[in-house]
Amino acid sequence: MSRVIENFLAVRAELESACRQCGRSVDDVKLLVVSKTIPIPVMMELYEFGVREFAENREPELAVKAAAMPDDIVWHFIGPVQSNKIRKVVKLAQIIHSVESKSQLERFERIAGEENKSPQILLEINVSGEASKGGMTPEELPEVADCAAKCRNVRFSGLMTMAPFEANEEELHSIFDRLRILNEQTGKACQMDLPILSMGMSGDFQVAVACGSTVVRVGSKIFEGIERISR
Ligand SMILES: *Cc1c(COP(=O)(O)O)cnc(C)c1O
């Protein structure tokens, strides 16, 4: 078995164990493969193994990979989006995790309409208030969510966050709990189902699962020991 498949199976086993420990069903948590900087042949090994969803954080790399790889792949976009890239991202990605402001949301909504697309979108929340992280503050969320709930082209589906790299377990718990509660409050306020809570990465997905994550975005742990594309 190849290195990447071994790693993938090991991460999946860790995810299953994390689910078991908090009494959740593994079917309720998606293991999303973050393939940024990973060469296409390595991704194709995962594809052959049955993986059909990948996440990228830069539009040019997404465009190259989407053109070269099979059509039945569902592409997730998880990176910061510059306004001049929105159209390209809308054409390629079915789920966008990183909508950061009301003005950006309005652009996505307009362009999705023009392109006749209906991507799912998540609002990215900067729960910890770290200056280097993207996303809106929890205080900005109600107004943006209200706008998202009224969108007819993009489909508002939940919230996403990234925890600070250096957070300890207690801090991670409080950040991920906070996002879950914000998602529940937002769903109630907008009277809609928000099924996606995108939180947890290689270093913290166990805690995120305990706090209710429904999508963990894992890159480095799956691609440990794999040579990356330099960029
Ligand atoms: C790179 C990235 C991930 C994956 O992080 P790893 O620590 O490599 O698992 C998850 N989410 C976002 C937004 C990323 O940019």
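Trainee: How far does a polar side-chain atom of Arg 217 lie from a nitrogen atom of the ligand?
Mentor: The distance is 2.9 Å. Please keep in mind that this is a predicted model.

Trainee: And what distance separates a polar side-chain atom of Ser 202 from an oxygen atom of the ligand?
Mentor: For Ser 202, that distance is 2.5 Å. Ser 220 also takes part, with a backbone N or O atom 2.8 Å from an oxygen atom of the ligand.

Trainee: How much of the ligand does the protein bury?
Mentor: The protein buries 87% of the 390 Å² that the ligand exposes when taken alone.

Trainee: Which residues are around the ligand?
Mentor: Besides Ser 202, Arg 217 and Ser 220, the residues around the ligand include Val 34, Lys 36 and Ile 78. Met 160, Met 162 and Met 201 are there as well, along with Val 218 and Gly 219.

Trainee: How does that shell divide into nonpolar, polar and charged residues?
Mentor: The shell around the ligand has 6 nonpolar, 3 polar and 2 charged residues.

Trainee: What volume does the largest pocket have?
Mentor: Its volume is about 380 Å³. The lining comprises 21 residues, and the closest to the centre are Lys 36, Asn 57, Ile 78, Met 162 and Met 201.

Trainee: What classes of residue make up that lining?
Mentor: The lining of the largest pocket has 7 nonpolar, 8 polar and 6 charged residues.

Trainee: Now for the second largest pocket: how much space lies in it?
Mentor: About 270 Å³ lies in the second largest pocket.

Trainee: Which residues lie nearest its centre?
Mentor: Those are Phe 8, Arg 12, Val 29, Lys 30 and Leu 31, out of 15 residues that line the second largest pocket. Two elements, α1 (3-21) and β1 (30-34), each give two or more residues to this lining.

Trainee: How many of its lining residues are nonpolar, polar and charged?
Mentor: In the second largest pocket, 9 lining residues are nonpolar, 1 is polar and 5 are charged.

Terms used:
Residues are numbered from 1 along each chain as its sequence is written. This is a predicted model: local features need pLDDT of at least 70, side-chain atom pairs count only at pLDDT 80 or more; totals for chains, interfaces and linings use all residues. Side-chain values use heavy atoms; hydrogens and water are left out. A residue is near a molecule or strand if one of its heavy atoms lies within 4 Å of it. A polar contact is a pair of N or O atoms within 3.5 Å; within protein, one must be able to donate a hydrogen and the other to accept it, and residues adjacent in sequence count only if both atoms are side-chain atoms. Accessible areas come from the Shrake-Rupley method with a 1.4 Å probe; for residues, only the protein chains shown count as cover. Ala, Val, Leu, Ile, Met, Phe, Trp, Tyr, Cys and Pro count as nonpolar, Asp, Glu, Lys and Arg as charged, and the others, Gly among them, as polar. On a 1 Å grid over the protein atoms alone, a cavity is a set of points where a 1.4 Å probe fits but cannot get out, and a pocket is an open set with protein on both sides within 12 Å along at least five of seven lines; lining residues have an atom within 4 Å of a point. Grid points are joined across faces, edges and corners, and a volume is the space filled by probe spheres set on the points. Helices (H or I, at least four residues) and strands (E, at least two) are DSSP runs, numbered from the N terminus.
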